[in-house]
Amino acid sequence: MTTNALTIADLKEQARRRVPRMFFDYADSGSWTEGTYRSNESDYAKVLFRQRVAVDMTDRSLKSAMIGQDVSMPLAIAPTGLSGMQHPDGEMLGAQVATEMGIPFTLSTMSICSIEDVSEAIGGKPFWFQLYVMRDKDFVANLIDRAKAANCSALVITLDLQILGQRHKDLRNGLSAPPKFNLNSMLQLVTRPRWCFSMLGTKRRTFRNIVGHAKSVTDLSSLSAWTAEQFDPHLDWKDLEWIKERWGGKVILKGIMDPEDARLAADAGADAIIVSNHGGRQLDGAPSSISALPAIVDAVGDRMEVHMDGGIRSGQDALRALAFGAKGVYVGRPWLYGLGAGGKPGVKRALEIIRTELDTTMALCGERDVRNVGRHNLLDPDIFQSRRA
Ligand SMILES: Cc1cc2nc3c(=O)[nH]c(=O)nc-3n(C[C@H](O)[C@H](O)[C@H](O)COP(=O)(O)O)c2cc1C
């Protein structure tokens, strides 16, 4: 029962018990030594708040805006691939919860439910779409057009996955969507019968943004070959021009970890960037996102919005990032754990946990309006000073 969960860690344990190992591990893993994945989470503990007292705490507000769009709190669901394998129709359920709660949902290119599935699930209301730039430019152009037609209100372009960081667990578990039938996968599936039965109830079990849309991908056997060769290692800043032009709306560049790249993103005309190391799944040895954030805010925070993700497991973590100057934060694994633990109510529970913690922590810092939170709320705002450039 996800309603029993008091923390994101509780939801993670519930998801571990419900979801077959290959999909649970797909979420709970980082590249190579997983060092960056771990520091993404642990570095938050270094950031201490200033506790203030005897401040009127009534009438608090978490309402804010991200890229000019009103949000009930400055937190969005991050794009995550294969979410429909944590729970049937996962992306549709996540989008429904986000829409009901008044926060953005970002759909991954590598989702199980398609752009059109998600749009239909939320009655044509706006959501955000994350784009991977593939070699097949006709396919990319078509994805952009489909996102526009589905009323997507921001394009999140991921820049840190031109080549794949290796996650050992995925190789060992034989990850695939849907699972291939062999001894390894069968052993993982037989211990999760509830998941197996629930999956029989949906037709959405593979990459529906791709199958039937990309040239020569008509079935599953050609799909794995296609994805392996499709991420475009040529991608550079110039490629963004035609994408921006074709899209014609708000653009968020995801995967920025260096002030120099942040300046280039501002020069490229981004509306926002996401300080992100892909949840520790790409460059193992990169700094944690929270430690990279202050220098990037200092470098470009007056030119565009700076958002961030990575390691947020509580409202306290979210508030730390907002205090450093992030205008919005995203959660990846917390929503996936909620989804795996209990479908739609599980996602709702994950977001409610973070919202309540954020609200209470803000109050105990002596703030009533999340838009007023800043470095004055931190005991040592220069804790990551050595990272500044
Ligand atoms: C299972 C999983 C799949 C992901 N898939 C994508 C993806 O398809 N596109 C993308 O831009 N980022 C992807 N990410 C990265 C997330 O968008 C986000 O940067 C990261 O999860 C944030 O860290 P957190 O999980 O600690 O909150 C993925 C992350 C996870 C955990």
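## Ligand shell

The structure discussed here is a predicted model. There are 24 residues around the ligand, and those that come nearest are A78, G81, S108, G279 and G332.

By residue class, the shell around the ligand comprises 12 polar, 8 nonpolar and 4 charged residues. Two helices, α2 (21–27) and α15 (333–364), each contribute at least two residues to this shell.

## Confidence of the model

The mean pLDDT of the chain is 95, and 97% of the residues score at least 70. Among the elements of the chain, strand β3 has the highest mean pLDDT, at 99, whereas helix α10 (residues 220–230) has the lowest, at 70.

Strand β10 spans residues 328–331, and both of its faces are covered. G328 and Y330 are buried on one side, while V329 and V331 are buried on the other.

Strand β3 (residues 75–77) runs parallel to β10 and is joined to it by 3 bridges. Within this pairing, V331 of β10 stands opposite I77. Strand β9 (residues 305–309) is likewise parallel to β10, again with 3 bridges. Here G328 in β10 is the bridge partner of H307. Between β9 and β10 the chain passes through helix α14 (residues 315–323), and this β-α-β crossover is right-handed.

## Two-sided helices

An α-helix has 3.6 residues a turn, so residues three or four places apart point the same way.

In α1, the buried residues are I8, L11, K12, Q14 and A15. They lie on the same side of α1 because the arc they cover around the axis is only 165°. E13 and R17, on the other side of α1, are exposed.

Helix α12 (residues 259–267) has D261, A262 and A265 as its buried residues. Their arc around the axis is only 105°, and therefore they share the same side of α12. The exposed residues E260 and D267 are found on the other side of α12.

Residue D10 belongs to helix α1, which covers residues 8–18. Although D10 and G338 are 328 residues apart in sequence, their C-alpha atoms are 9.3 Å apart in space.

E34 is a residue other than glycine with a positive phi, near 65°. E34 is located in the loop between α2 and α3 (35–42). With 18 C-beta neighbours inside 10 Å, E34 is classed as partly exposed.

I67 is not a glycine either, yet its phi is positive, at about 40°. The position of I67 is in the loop between β1 (64–66) and β2 (69–71). I67 counts as buried because 21 C-beta neighbours lie inside 10 Å, and the cut-off for a buried residue is 20 or more.

Conventions
Residues numbered from 1 in each chain as written. Predicted model: local features only at pLDDT ≥ 70, side-chain atom pairs only at ≥ 80, totals over all residues. Near = placed C-beta within 6 Å. Helix = DSSP H or I, 4+ residues; strand = E, 2+ residues; numbered from the N terminus. Nonpolar A, V, L, I, M, F, W, Y, C, P; charged D, E, K, R; others polar. Buried ≥ 20, exposed ≤ 12 C-beta atoms within 10 Å, placed from the backbone. Pairing = 2+ DSSP bridges. Right-handed = clockwise from strand over helix to strand, strands pointing away. pLDDT = per-residue confidence, 0-100. Arc of directions from axis to C-beta.
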